Amino acid sequence: DGFQLQEDGRLQMLLLGQDTAATIRTIARVDTAFTLRSFDFSLDPGTGPITVKGTLDRPAQAGGTYRLALAIDSGGATRVETRELREAPVLSLNLSRLLANGGLVPGTKHMRTVLDPATLQSAAMTVTVGDRGVVRANETMIPAFRVETEFRGLKTTSWVTDTGDVVREESPLGLMTIRESP
């Protein structure tokens, strides 16, 4: 009745003069239309993990609000809160799948409310689907759509396949992510 999407990352940083590895894990559970149901997020900068678990309850009636229940664990203490939302939020992890599920059409613009689980802040994101072309990921040429997003003033360019796989992404800070085989 849905899917589980998972993303793991590791950042090597110089923190207070020491080389430190921070690990990030995001798991999103979505329905068959890739709408968010729940998520688990953890960030461990090497000083102890911070975890956030969220569960989204659908409105009881049309036009009602979504309820997002959050449990934030940091330093051994857990804080619980609930937020009322007008629409189901999107995580960056399920955004490309959600777009592909609706059909990527060049020239279309979408507005989505994106939740950043690291900061627990939501903001509007503008998504513009560009032309379909061929992009190089490692030594493979893959057909993909150019997708430009603007989130809190930052513009990112991604190349997304028909099935929602992000094969390449360029951030405004000059970072580039390219899909690799395991």
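Mentor: Gladly; what follows is a set of questions and answers on a predicted model.

Trainee: Let's begin with the pocket. Which strand gives the largest share of the lining of the largest pocket?

Mentor: The lining is made up of 48 residues, and Glu 7, Ser 92, Leu 93, Glu 169 and Thr 177 are the ones nearest the centre of the pocket. The largest share of that lining amounts to seven residues, and the strand that supplies them is β1 (residues 2–15).

Trainee: And what is the volume of the largest pocket?

Mentor: Its lining divides into 26 nonpolar, 11 polar and 11 charged residues. The space they line has a computed volume of about 1900 Å³.

Trainee: Now to Asp 31. Is Asp 31 buried or exposed?

Mentor: Asp 31 belongs to strand β2, which covers residues 18–31. Beyond four places in sequence, Asp 31 touches Asp 1, Gly 2, Phe 3, Arg 37 and Arg 58. The cut-off for burial is under 20% relative accessible area. Asp 31 has 14% relative accessibility, so the residue counts as buried.

Trainee: Which residue has a side chain joined to that of Asp 31 by a polar contact of 3.2 Å?

Mentor: One polar atom of the Asp 31 side chain lies 2.9 Å from a backbone nitrogen, that of Thr 35. The contact you ask about is between two side chains, and at 3.2 Å the partner of Asp 31 is Arg 58.

Trainee: How many bridges join β2 to β3?

Mentor: One of the pairs to look at is Val 30, whose bridge partner in β3 is Leu 36. β3 spans residues 36–44 and runs antiparallel to β2, and the number of bridges joining them is eight.

Trainee: How far apart are the C-alpha atoms of Gly 46 and Ala 62?

Mentor: Gly 46 sits in the loop between β3 and β4, and its phi is positive, about 100°. With 57% relative accessibility, Gly 46 counts as exposed. Along the chain, Gly 46 and Ala 62 are 16 residues apart, while their C-alpha atoms are separated by 45 Å.

Trainee: What is the relative accessibility of Leu 120?

Mentor: Leu 120 lies in the loop between β7 (109–116) and β8 (121–137). Its phi is near 60°, a positive value in a residue other than glycine. Leu 120 counts as buried, with a relative accessibility of 9%.

Trainee: One last question: is Thr 156 buried or exposed?

Mentor: Thr 156 is part of strand β10, residues 154–160. Neighbours within four places aside, its contacts include Val 147, Glu 148, Glu 169 and Pro 172. Because its relative accessible area is 16%, Thr 156 is buried.

Notes:
Residues are numbered from 1 along each chain as its sequence is written. This is a predicted model: local features need pLDDT of at least 70, side-chain atom pairs count only at pLDDT 80 or more; totals for chains, interfaces and linings use all residues. Side-chain values use heavy atoms; hydrogens and water are left out. On a 1 Å grid over the protein atoms alone, a cavity is a set of points where a 1.4 Å probe fits but cannot get out, and a pocket is an open set with protein on both sides within 12 Å along at least five of seven lines; lining residues have an atom within 4 Å of a point. Grid points are joined across faces, edges and corners, and a volume is the space filled by probe spheres set on the points. Helices (H or I, at least four residues) and strands (E, at least two) are DSSP runs, numbered from the N terminus. Ala, Val, Leu, Ile, Met, Phe, Trp, Tyr, Cys and Pro count as nonpolar, Asp, Glu, Lys and Arg as charged, and the others, Gly among them, as polar. Buried means under 20% relative accessible area, exposed over 50%, partly exposed in between (1.4 Å probe, protein chains only). A polar contact is a pair of N or O atoms within 3.5 Å; within protein, one must be able to donate a hydrogen and the other to accept it, and residues adjacent in sequence count only if both atoms are side-chain atoms. Contact means heavy atoms within 4.5 Å. Two strands pair if DSSP finds at least two bridges between them.
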